[in-house]
Amino acid sequence: MTVTLQDIAMITGLPIDGNHLCMNTDSDGWRAQMHALIGMVPPKSREPEAEDKKKERVAAGATFTWISSNFSTCPEDANEDMVKTYARVYMWYVIFRTMFADGTGKNAPWMWLKALTVFDSKWSWGSATLAYLYRHLDEACCRHTGGIGGCLLALFIWSWERLPVGRPKTVKYEDWDDKDDPLWLPTWAYKWDVLNETTDDPSVMYKLYKSELDAITPEQVEWEPYGK
């Protein structure tokens, strides 16, 4: 049992059909390309002062602080091109913060902005999100230190819907006004919009969840949370 494309589609609303999100990850000339796409680039980092100091690797992208400082609010008198620029940067920010998080929470890689060069690209964002989550889950299982990346929102809700272990209590569930438009309907994640967060000791709860998972039976699993 694992997260599937159906889960990604239901929980996030991302398309699972379309073109494969396969791009050249070469970052040569990324600053010039970024400037052409959004009109500015982050400042270059300072070189190490000591000659014998190993040169730090500069990530091809921008920090979230830089993005927020320069693109937090679109001007009211913005023309159509400027609105598209702000929309593109906003999507870049959200995509990396939710779908392709790397566990550091500091920098947004250039390649995800490059994927937004054309808005109507028909990318299969859902399958890319699932593949990225699989890779980070595999890496997290094989190392003893460091964080975990990927779309953890999908992982949390997948677990809460199917397994009774660690499931939080929902505080309320308000009706959603879809304005008679199916595109306005919420995703499955809306069921878990407001939760009663636990304040228990994480180390204690980890041991409890681990023992409960070891003892879980097939009858306790919700195999078809979305219906047949």
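Select α3 (residues 64–71) and α4 (80–99) in this predicted model. Their axes, lines fitted to C-alpha atoms over the stretch in contact, come within 11 Å and cross at roughly 150°. Angles run from 0 to 180 degrees between N-to-C directions, and those over 145 count as roughly antiparallel, so α3 and α4 are roughly antiparallel to each other.

On α3, pick Phe 64, Ile 67, Ser 68, Asn 70 and Phe 71. Their partners on α4 include Tyr 86, Val 89, Trp 92 and Phe 96.

Stay on α3 and select Phe 64, Trp 66, Ile 67 and Phe 71, which are buried (under 20% relative accessible area, 1.4 Å probe, protein chains only). They lie on the same side of α3 because they cover an arc of only 160° around the axis, taken from the directions from the axis to the C-beta atoms. Thr 65 and Ser 69, on the face turned away, are exposed (over 50%).

Next, select Trp 92. Among the residues it touches are Met 34, Ile 38, Ile 67 and Trp 112.

Helices here are DSSP runs of H or I with at least four residues, and strands are runs of E with at least two, numbered from the N terminus.

Residues are numbered from 1 along each chain as its sequence is written. Local features need pLDDT of at least 70, side-chain atom pairs count only at pLDDT 80 or more, totals for chains, interfaces and linings use all residues, and side-chain values use heavy atoms, without hydrogens and water.

Conventions. Contact means heavy atoms within 4.5 Å. Angles under 35 degrees count as roughly parallel, over 145 as roughly antiparallel, 65 to 115 as roughly perpendicular and the rest as oblique. Lists of a residue's contacts leave out its neighbours within four places in sequence.
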